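Dear colleague,

I am handing over the structure below.

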Amino acid sequence: MLSIAVCDDEIVECCGMAKKIRDIAEELNIPCIIRQFCSGRELLETPESFDIIFLDIIMQDLDGMKTARLLRERASDKILVLVSSSRQYVFDAYDVEAFQYLLKPVDNGKLKQVLQKAVLRTESHPREFILVSRERQKKKLFLDDVYYFEIRGRTATVHGAEGIFTWYEQIGELEAKLRDKDFFRCHKSYLVNLKYVAAYNRQEAILENGEAIVIAKRRYEEFCQEVLRVMRENGGIL
């Protein structure tokens with residue numbers, strides 16, 4: 001199921017765009033969840049992750065271009081569709097690698113074409129995820145956005161490009177889900193994404209975001225083997 005975000009500080013415009021997308025998705029038999037945001041800041045602060053983001057450019061406080069740049073810093077593979085009533089930002093859209101630039105009022109036929117192309121893009125570059133539950137809601141956690149999982153008792157917390165999200169799960173169950181996904185249980189409380197390990201010693205692993213994760217003594221040798229394997233598989237010359 002696709003996750004789609006619509007961000008526009010004009011509530012009527014935001015609701016209208018979301019409805020158009022929902023109608024087209026139903027027509028094309030594309031299962032999706034659509035979330036609406038009334039500011040760039042609100043979109044950036046949500047712990048949710050999205051496959052496709054429709055982002056208005058002209059917004060108060062934090063405009064669409066600044067929002068897009070911050071989104072790109074977190075995750076380079078987001079499909080960003082920029083929306084504006086003006087053509088003046090067309091060339092700026094290249095700087096944030098926008099998938100498409102739509103002019104308001106958005107034509108239904110053009111929106112349908114863009115949505116179809118965006119869906120094909122997501123299908124040609126599938127992203128692995130796990131589904132977790134909190135307060136009767138389901139959330140997709142894309143594994144390539146996760147730096148590490150932290151477990152305290154029965155509370156699981158994901159730390160990643162999209163921020164922090166907490167739910168209830170035991171570490172053994174989570175470890176089983178992530179088997180063969182390049183995650184390693186380096187400590188009784190941590191499952192680390194080996195792709196984000198930038199350096200390590202016998203006491204801790206240093207991630208690309210600067211955080212340090214404890215490595216248990218008895219897990220160090222196996223950790224070394226696994227992190228070197230992942231480095232080789234991702235182009236490292238060792």
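Glu 97 is exposed, its relative accessible area being 54%. This residue sits in the loop that runs between helix H4 (92–95) and strand E5. Glu 97 is not a glycine, yet its phi is positive, near 55°. Please keep in mind that the model is predicted.

Asn 29 is another non-glycine residue with a positive phi, here about 60°. The loop between helix H1 (11–27) and strand E2 (32–37) holds Asn 29. With a relative accessible area of 67%, Asn 29 is exposed.

There is also a cis peptide bond, between Lys 104 and Pro 105, with omega at about -10°. Pro 105 belongs to the loop that links strand E5 (100–103) to helix H5 (108–124).

Now the cysteines. How many disulfides does the structure hold? The count is 0. Cys 14 takes part in no disulfide: the nearest cysteine sulfur belongs to Cys 38 and is 5.1 Å away. A disulfide requires the two sulfur atoms to be within 2.5 Å. Cys 14 is buried, with 1% relative accessible area. For Cys 32, the closest cysteine sulfur is that of Cys 14, at 14 Å, which is too far for a bond.

In your own pass through the model, the places to look at for backbone geometry include Glu 97, Asn 29 and the bond between Lys 104 and Pro 105.

Regards

Technical notes:
Residues numbered from 1 in each chain as written. Predicted model: local features only at pLDDT ≥ 70, side-chain atom pairs only at ≥ 80, totals over all residues. Heavy atoms only, no water. Buried < 20%, exposed > 50% of the residue type's maximum accessible area, 1.4 Å probe, protein only. Helix = DSSP H or I, 4+ residues; strand = E, 2+ residues; numbered from the N terminus.
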